[in-house]
Amino acid sequence: MDIALLISVTALLFLVIAAAEPLAARLSLPYSVILAVLGILIGAGAVFFLRTELTDALNPIAEAILNLPIRSNVFLYLFLPTLIFQATLGMNVRRMLDDWVPILTLAVVAVVVATLTIGYALAWVSGLPLVVCLLIGSIVSTTDPSAVVGIFRSLSAPRRLARMIEGESLLNDAAAIALFGLFMGFVMLGVPDPSFGQAIAQFPMLMAGGALAGWLVARAALLLMQWFARYELAQLSVSVAVPYLAYVGAEHLFGASGVIAVVAAGLTLNLMGPGRLAPAFWTNLREVWDLLAHWAGALIFILAALLIPRLLEGMRPGDYALVLVVILAAIVARAIILFGLMPLLSLARLSPTVERPYRAAMLWGGLRGAVTLALALAVTESLRVPVETKRLVGILATGFTLFTLMVQGTTLRWVISRLGLDRLSPLDEALSNQVVAVALQSVREEVANATENYDLTRETVRSEAKRFAARLDKAVERAEAEDNAEILDRDRITLGLIALAGHEREVTLERFRERAVSARLTERVLHDADRLIEAARTGGRFEYQRAARRSLRYGFSFRAAAVLRDWLRYPAPLARMTADRFESLLAKRLILRDLHGFIDSRIRRIHGRRVGDVLHELLKRRVEAVETALEGLRLQYPGYAEELERRFIRRTALRLEEREYNAMRDDGLIGAELHTALMADIGRRRRQAEGRPELDLALRKSEIVRQFPLFADLDATELRRLSRALRTRYVNAGRVIVHKDSAARSVFFVASGAVEQEIAGQTTRLGRGEMFGQMAVLTRKPRRAEVTAITPTSLLELDETGFRRVLKRSKALRQAVRDSVSAKAMADEAMKLPELALD
């Protein structure tokens, strides 16, 4: 094909892509449906002009379109890795991990159920070999939920629901393509009735090998990008290579799933990239990949649609019945998942409860698209597949895809409207009336000020003011209607908390753009803000407070890192996590203090003073909890918080200095050459300021021991020995540390936080520097107390041998043990102990 003609056709396709988006918005149809229709029209038009005798002028263009080098490998090796990699980069992985059970279940189980249902239904009706029917089932089991996700977002559907659908879609493609590869191999080998267990047995190896390949490629790419830290274009070039190296490496070196490798590479880069790459670069990286994925997604749809007239050639009357069987079986399989499996997951509390209207919309929104057509094309291109099999695969996959796009896709919005998902709830309707009234009052004040600054004619101002006043009066009337007065304070508080958490998210992003918060910590704080939004939406004030407390707890990874440090003497993970906790608490305190102004300026005007006061009180408790947790770390690691605060001040000063230089350049006070030199100097100092100081855990533990009055009379040698013997334990609020009647093997010292001790119905609270469990160890009797952490608490644990040795050497510790005994019987017993009778 002539290169100029090929380039011209490609350029015209990009013009079609540009026109498709506004056309889809105007017609209120999914973008993918418009692309498919345009592709079919282009392909059908090319066939028409090539065969018609009306004119031969367009024959070169028609031939160029029909002879485009469209092969299945183009889709699977060029476009698919781009789409999957961008999707993983744009995912909120930490939020996805919260729902990994339902996402994996829906993705993998949905593919298996669809493959089996369609395969066995076809085999029963058509008499085709089972392996061919299962191959067709795996091809058409991939879903393209972009349409329903986009509509859910426009309807303000729960974010968690949209995330589950996105996660299902991503892994759905991977699982379906892996199954396709298995059954394609059986078809080419001529195995008519393979054992499904034999096929599934290979599935875990495909997944594991792909995940390993993707992880290795992503780690190597991260290392390269860190080496090229000063060259952004070089870093972007490395990122472009990642999905293709992962895909090809997994397929040809590991014999595993290339799609899983791309998913693993993208997730690895998503999780590790923000902490190792510059924030500005990470933002640019995502923008570049958004554009690449937009082009790839549009081209894959148009090019696949161009093939539809070709794939449907030779369709026979009996094939229509088989297409109908595939359609019915696919709908039944998806209904089994949505109306059978999802309620069970909700009952088991593994998935959020999804209302029936949403599940009905998801059922009708299970569109198929370019991946299905690409897999069908791969079958039709194979020389080792029988001709009749190739014909049936092409026709059934294409017919089913056309049904989902042209019937389900075009009626999806109508179905959603009939389900009532496009209407506001009575509460949201009442709230919208009040929001509009408050907003219009603010607008009136600002417009009045603006008209005074411009010399406008009085008649124009008067007429427009009258028109605006009429609209404002109507808004106020709706806001003060009886229906709005029925909004309960409980609901107003819920809506206020959702707005507050949303503003917390915006403030976090603003601090990130100002470089006050690092990219890695921004992801964590945004993750917590998203949790707060969903908690308030589902459970109101109570769930909001639970989510806020959960964000301050020590997670499993923190406790695992502590075990690595205490048992394997490997402190690096714990030091990194502790430093992250330090920095995130400082960032949260900074962000939370900005939210009080938002309550006064915005929320109080909409929901009233009483709701505003409640929100102020809830926010005050959150700030106190953050400061308590931060103070505990300050006590454990004195001086480290000061280093982080100095680093924050330096970064803030650099940001303000950069702003001043930019303003001077814009005002013409300095030239471009001087501005470049000044910015280079700021960049050098910023790289120095953004480096986080190291946290020496071993040194800090010895310092905290020196600060305890209990060990004040120990010499330096004994203090060092004690520091080595002590083990650190991190306990979340509400966790029982010591159970009553349990065996006593160690004594605990509170390093930070607070615990509650209950003995014989009496409760006492212990704080920093105090100990518990000592009498049970000394008397070698079961513990009489039950001790529970009431805040996130750090403990120093000392075994019985170490405690008895220190007790012999420390007069202050012996006196503290005597003072801790309250009951007379216990006091008499304590005085008989040889360790306490040394004085």
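## Basis of the model

This is a predicted model, in which local features need pLDDT of at least 70, side-chain atom pairs count only at pLDDT 80 or more, and totals for chains, interfaces and linings use all residues. Residues are numbered from 1 along each chain as its sequence is written, and side-chain values use heavy atoms, with hydrogens and water left out.

## The chain as a whole

The protein chain has 36 helices and eight strands. Helices (H or I, at least four residues) and strands (E, at least two) are DSSP runs, numbered from the N terminus.

Of the 839 residues in the protein chain, 49% count as buried. Buried means under 20% relative accessible area, exposed means over 50%, and partly exposed lies in between, with a 1.4 Å probe and protein chains only. The protein chain exposes about 40,400 Å², and carbon and sulfur atoms supply 58% of that area. Accessible areas come from the Shrake-Rupley method with a 1.4 Å probe; for residues, only the protein chains shown count as cover.

A contact means heavy atoms within 4.5 Å. Among contacts in the protein chain between residues at least 6 apart in sequence, 79% join residues at least 24 apart.

## The positive patch

On the surface, a patch of positive charge gathers Arg706, Arg720, Arg721 and Arg724. Patches are made of residues with over 30% relative accessible area and no salt bridge; like charges are joined within 9 Å, and nonpolar side chains (Val, Leu, Ile, Met, Phe, Trp, Tyr) within 5 Å. Lys and Arg count as positive and Asp and Glu as negative, while His and the chain ends are not counted. The place of a charge is taken as NZ of Lys, CZ of Arg, CG of Asp or CD of Glu.

Arginine 720 is found in helix H32. With a relative accessible area of 45%, arginine 720 is partly exposed.

## Salt bridges

Side chains of opposite charge can pair when their charged atoms come close. A salt bridge is a side-chain nitrogen of Lys or Arg within 4 Å of a carboxyl oxygen of Asp or Glu. By this rule the count comes to 22 salt bridges. One of them joins aspartate 528 and lysine 588, with the closest N and O atoms 2.8 Å apart. Aspartate 528 lies in helix H24 (residues 519–550) and lysine 588 in helix H26 (residues 572–593), so the pair ties together parts that are 60 residues apart in sequence. Aspartate 528 and lysine 588 are both buried.

Aspartate 681 takes part in two further pairs, one with arginine 684 and another with arginine 685. The closest N and O atoms are 2.5 Å apart in the pair with arginine 684, and 3.1 Å apart in the pair with arginine 685. Salt bridges that share partners join Glu657, Asp681, Arg684 and Arg685 into one network. Arginine 684 and aspartate 681 both lie in helix H30 (residues 672–690), three residues apart, about one turn of the helix. Arginine 685 is also in helix H30, four residues from aspartate 681, again about one turn. Relative accessibility is 39% for arginine 684, which counts as partly exposed. Aspartate 681, at 27%, counts as partly exposed, and arginine 685 is partly exposed with a relative accessible area of 26%.

## Two buried residues in helices

Asparagine 270 lies in helix H13 (residues 258–276) and counts as buried at 4% relative accessibility. Not counting residues up to four places away in sequence, asparagine 270 touches Thr88, Leu89, Gly90, Met91, Val93, Trp282 and Arg286. The C-alpha atoms of asparagine 270 and methionine 91 are separated by 7.9 Å, although these residues are 179 apart along the chain.

Arginine 655 lies in helix H29 (residues 640–666) and counts as buried at 15% relative accessibility. With residues up to four places away in sequence left out, arginine 655 touches Glu514 and Arg686.

## Positive phi in loops

Aspartate 741 is not a glycine, yet has a positive phi of about 70 degrees. Aspartate 741 sits in the loop between strand E2 (736–738) and strand E3 (746–752), and is exposed, with a relative accessible area of 58%.

Arginine 780, not a glycine either, has a positive phi of about 55 degrees. The loop that holds arginine 780 runs between helix H33 (774–779) and strand E7 (785–789). Arginine 780 is exposed, with a relative accessible area of 64%.
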